[in-house]
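I opened a new structure today and wanted to get to know its helices. My notes are below.

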Amino acid sequence: MDFSILPQVLPGFLQGTLNTIIYCAVSFPLALLLGVILALMSGSRYTWLRGPARIYIEVIRATPFIAQIFLIYYGLSTILFNLSGYLGGLNLAVYVNGWTAGIAALAINYSAYEAEVFRAGFYSVERGQTEAAYSLGLDARQNFFRIVFPQAIPLMIPPFVNDLIYMLKDSAVVSVIAGFELTSALETARSRLGSDIVLLFLIVMILYLALSLPTSYFARWYERKLRAAL
Amino acid sequence: MQQTFVKSNIERKPRSWLSLLDYVFYAAVVAALVGLAFYFYHYRDFVSLYFPVFLGGAGLTIFLTISSMILATIFGFIGALGRLSRFTPFRFIAAIYVEVIRGTPILVQLLLWGFGIRSALGGIGFDPYTIAYNFMTLLQNNSILPPPNVFDAAFYGIIALSFNYGAYLTEVFRTGIESIPIGQTEAALSLGLNSRQIMRKIVLPQAFRITIPPFANYFITLVQDTALLSVVGGVLEIQQLVTAAATANASDSNLQLFFYVFGAVMFFCICYPLAILARYLESRFARAY
């Protein structure tokens, strides 16, 4: 293997790694926020709240992420461009790029999965707790924020960390639209150098492992601690 | 006190005036479906032109999924045996396999197999197409093989997908086997069964039930992950055809968007029935014997 190419490709790879982290760090909180709203909607007693949330979750989970990212990238720019006539020539489509479309796609895709985690977490808090809270005179809001939510959080952290690792890996798909992250850096280096590409793959895989392995060990450590505490 | 208790009754009956909004939701669903139908009707020329092509792509997607899943099951079973082995080297290799595969994106692995390993193996004279061609010639059936570049792309795509899913299935099988209480093994040992009989007659039949639901879920995600083959190219599955059609019509951005919608709808039509089936299996196998 020819290690002399390292100085050429390493800056791009490190920049790509940083961008991958930024993609996840921005998208994941957004996905959590959307997810908790969806989870509360799908637990509602009204069909007009439950229905849209269920349809959203089912549709997102039954389509590939790469199809969604193309749809959002081209869909957003097309719709915003079509709307620019109504907005007095204000063309919002210029703001659709690898960053905005990539983050939107990651957040939208993962919100459906996080909603299911939230739902399972809320259900795992015993019904008796809610009944006790009501009998003590707490209302539905107090019951949710003071009784159910705080008890559900520790149970939800391991699946959240797992989903964060999945997001880290799925952010590679952002390279198919104009986003620049670690896999895009790999593709750029691969097309530029052409030869000895297995080494490039090795470096990129090590960088991905450097991000995902500590995270997954944290999840496992936390799960062990949690199981001991319960 | 009495009043508070009555106010926060646990039944929580829906309020009637808010329930009326349900009908708004039903109307919106009908309107959305009619809108989608009209959207497809608007592009009916392209639907009639491309639908047969995409249907062929769907067939290829299902073929890729099933063949990858069969291979992945073999990889996963070997991996699970490795992880549960008494010999530390086997355990170590299996652990490295699982950690490396699960810690890196499947897209990078597809690119690695499709470009890196393909060219590296080609450099030392390994040519899967020629091997398959000679084999099929022996069977007098070499005309059913696709062209060499398509065959090679599909070959390395299936290897990459199954190698990836094998790592996930390793963990599924391992947890399935480990979930069988050790008392069962002890009871079988005391009845005089040897370790192979215990595995085959006691542990695996019970572990099988537990592995069915996650297996079904991985099958659905595998259908979706075949779409990533379009990044490597060469295999004409749905997403590849959709991207090609969209790129060919890139001058009309509305039409380009329509193709992506079309592709997503096709994937939904494959994956959603599978998801319902997976949910049924989950509830079926959650019940006791």
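**Entry 1: the model.** I noted that this is a predicted model.

**Entry 2: α4(A).** I looked up helix α4 of chain A, which covers residues 98-124. I checked its length against its residue count. At 1.5 Å a residue, its 27 residues should span 39 Å. I found the end C-alpha atoms 38 Å apart, which agrees. I then looked for bends. α4(A) has a kink of about 30°, centred on Ser111(A). Last, I looked up burial. In α4(A), 19 of the 27 residues are buried, so the rest of the structure largely encloses this helix.

**Entry 3: α4(B) and α5(B).** I moved to chain B, to helix α4 (residues 44-83) and helix α5 (residues 88-103). At what angle do their axes cross? They cross at roughly 130° and come within 7 Å. That makes α4(B) oblique to α5(B). I recorded the crossing as left-handed. On the α4(B) side, the contact residues are Gly79(B), Gly82(B) and Arg83(B). They meet residues of α5(B), among them Phe90(B), Ile93(B) and Tyr97(B).

**Entry 4: α5(B) and α8(B).** I followed α5(B) to helix α8 of chain B, residues 148-178. The two pack at an angle of about 120°, with axes 9 Å apart. This crossing is left-handed. From α5(B), the contact uses Ala94(B), Tyr97(B), Val98(B), Ile101(B) and Arg102(B). From α8(B), I listed partners including Phe163(B), Ala167(B) and Tyr168(B).

Key:
Residues are numbered from 1 along each chain as its sequence is written. Chains are lettered from A and ligands numbered from 1 in the order in which they are written. This is a predicted model: local features need pLDDT of at least 70, side-chain atom pairs count only at pLDDT 80 or more; totals for chains, interfaces and linings use all residues. Helices (H or I, at least four residues) and strands (E, at least two) are DSSP runs, numbered from the N terminus. The expected span of a helix is 1.5 Å times one less than its number of residues. The bend at a residue is the angle between axes fitted to the seven residues ending there and the seven starting there. A residue is buried if 20 or more other C-beta atoms lie within 10 Å of its own, exposed if 12 or fewer, and partly exposed in between; C-beta atoms are placed from the backbone. Axes are lines fitted to C-alpha atoms, for helices over the stretch in contact, and angles run from 0 to 180 degrees between N-to-C directions. Angles under 35 degrees count as roughly parallel, over 145 as roughly antiparallel, 65 to 115 as roughly perpendicular and the rest as oblique. A crossing is left-handed if the near helix is turned anticlockwise from the far one by less than a right angle, and right-handed if clockwise. Two residues are in contact if their C-beta atoms, placed from the backbone, lie within 7 Å.
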